[in-house]
Amino acid sequence: MTDIVSRADIALKRDLCDHCLGRAFALVGTGTTNEARGRSARAEVRLEREKNGEELPPHEKCWLCGDIFDSLPRFVEAVIKALSKVEYNNFLIGTRVDPEIQEKEERLWSEVGQDTAEPIKAELNREIGKIVEARVEKPVEFDTPDVVALIDTRFAQVDLDVSPLFIYGRYRKLVRDTPQTRWPCRQCRGKGCERCNFTGKMYPTSVQEIVGDPVQTAAEGTNHFFHGMGREDIDARMLGNGRPFVIEIRGPEKRNLDLESLENIINENGKDRVEVIGLRPSSREEVRKVKTASPNKTYRVDVVVHGKVDKAKINEVLQSFKRTRITQQTPSRVAHRRADMARKREIIDLHLEELGEDSFTFVVRTEAGTYIKEFVHGDNGRTKPNLSEALGVPCEVRSLDVIEVNDDTSEE
Ligand SMILES: [Zn+2]
Ligand SMILES: [Zn+2]
């Protein structure tokens, strides 16, 4: 007797179906099914026993699984019915089985060895997956399935776990009073109160809502999350090539969206406030990249000067900051929510754009994370060196626009 036949002989001291018998030897070879493995092992055990004048009792009901594999068609129907409610391009099957079945499986392994065995869930997932794949004409996807159909085999009940939908784009924010993300009212925390005019929000709308609401509607999702590549101050506009973002829609029933028309709908929705460009499908992986990127940025800064200063002096001072590093202690305006620390940031390039009576406008490109307002007014010496100090007159930012986010994709 070969090792496998003698182990199968031990296994068949109990009544097992071909699946459960074959699964004990699942890792012996490829290119066949557990059912076929079980069938041939059973035939060999029968021959061996007949040599000894013994009989192998016929299979009646599997001690281990209770012939759960006879129910595959039922599981398949339940999965297909559940899947028909959502749009997906690929899927994965998961199963919950009776804990008693798993205990019995471990008991069997302890008797016949588990080095070649495969868990029953793995076989159920695979066998159901194969049939569903052929029926729905969409592939099983292991790494990032659009939807996981989780079958509770005790009741042939299917729960769908629909993966979020991710869409990448760049946004421009054309107004100065709109935050990037939804901001719940500080006083009522979103419930609605007098302070927030019973909206539950600090601001009537946000880039997130202007972009996310139409996408959520189109995708028939449940809610949205906004992942921006950094953020500008609420009172700063975001112009130029826009800022990269990924919008995440949870629980989407539709995921093959017409992104071109969606772009139009968003831009209509955000008219004169927010617009998006370059929508395309994205992924959770890209969210991570967008969140961790630290691109240089270019700003247009409108500065009020409290005193006299001439063009030559401004040009000279701006010139002197090219390719220098400044040290910024956490600004007093954000100190309540960020750790107080000093950081060095590079001022890469800057030039004067316009000079007025008591104001001037300059353009500056800086390393990610530079606090521009503080670079201009100095924040009581917390930013050093700073523009006010270098000019010898107090200055402050009247308005600020981001005019370029210089990430990898913007300079193609
Ligand atoms: Zn069985
Ligand atoms: Zn409120």
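What geometry do the 4 donor atoms give the site of the zinc ion (ligand 2)? With angles of 102 to 114° among those donors, the site is tetrahedral (four donors, all angles between 85 and 135 degrees). This is a predicted model, where local features need pLDDT of at least 70 and side-chain atom pairs count only at pLDDT 80 or more, while totals for chains, interfaces and linings use all residues. Residues are numbered from 1 along each chain as written, chains are lettered from A and ligands numbered from 1 in written order, and side-chain values use heavy atoms, leaving out hydrogens and water.

**Zinc ion (ligand 2)**
- C185, C188, C193 and C196 coordinate this zinc through their SG atoms at 2.2 to 2.4 Å (donors are N, O and S atoms within 2.8 Å of the metal, or 3.2 Å for Na, K and Ca).
- Their spacing in sequence is C-x2-C-x4-C-x2-C.
- Both C188 and C193 are buried (under 20% relative accessible area with a 1.4 Å probe, protein chains only).

**Zinc ion (ligand 1)**
- Here the SG atoms of C17, C20, C62 and C65 do the coordinating, at 2.2 to 2.3 Å.
- The site is tetrahedral, with angles of 107 to 113° among its 4 donor atoms.
- Along the chain, the donors follow C-x2-C-x41-C-x2-C.
- C62 counts as buried because its relative accessibility is 3%, and C65 counts as buried at 6%.

**Helices α1 and α3**
- The axes of α1 (residues 3-11) and α3 (residues 34-51) come within 9 Å and cross at roughly 85° (axes are lines fitted to C-alpha atoms over the stretch in contact, with angles from 0 to 180 degrees between N-to-C directions; helices are DSSP runs of H or I, at least four residues).
- So α1 is roughly perpendicular to α3 (65 to 115 degrees).
- V5, A8 and D9 of α1 make the contact with A41, E44, V45, E48 and R49 of α3 (heavy atoms within 4.5 Å).

How values were computed
Helix = DSSP H or I, 4+ residues; strand = E, 2+ residues; numbered from the N terminus. Parallel < 35°, antiparallel > 145°, perpendicular 65-115°, else oblique. Tetrahedral: all angles 85-135°; square planar, octahedral: opposite > 155°, others 65-115°. Buried < 20%, exposed > 50% of the residue type's maximum accessible area, 1.4 Å probe, protein only.
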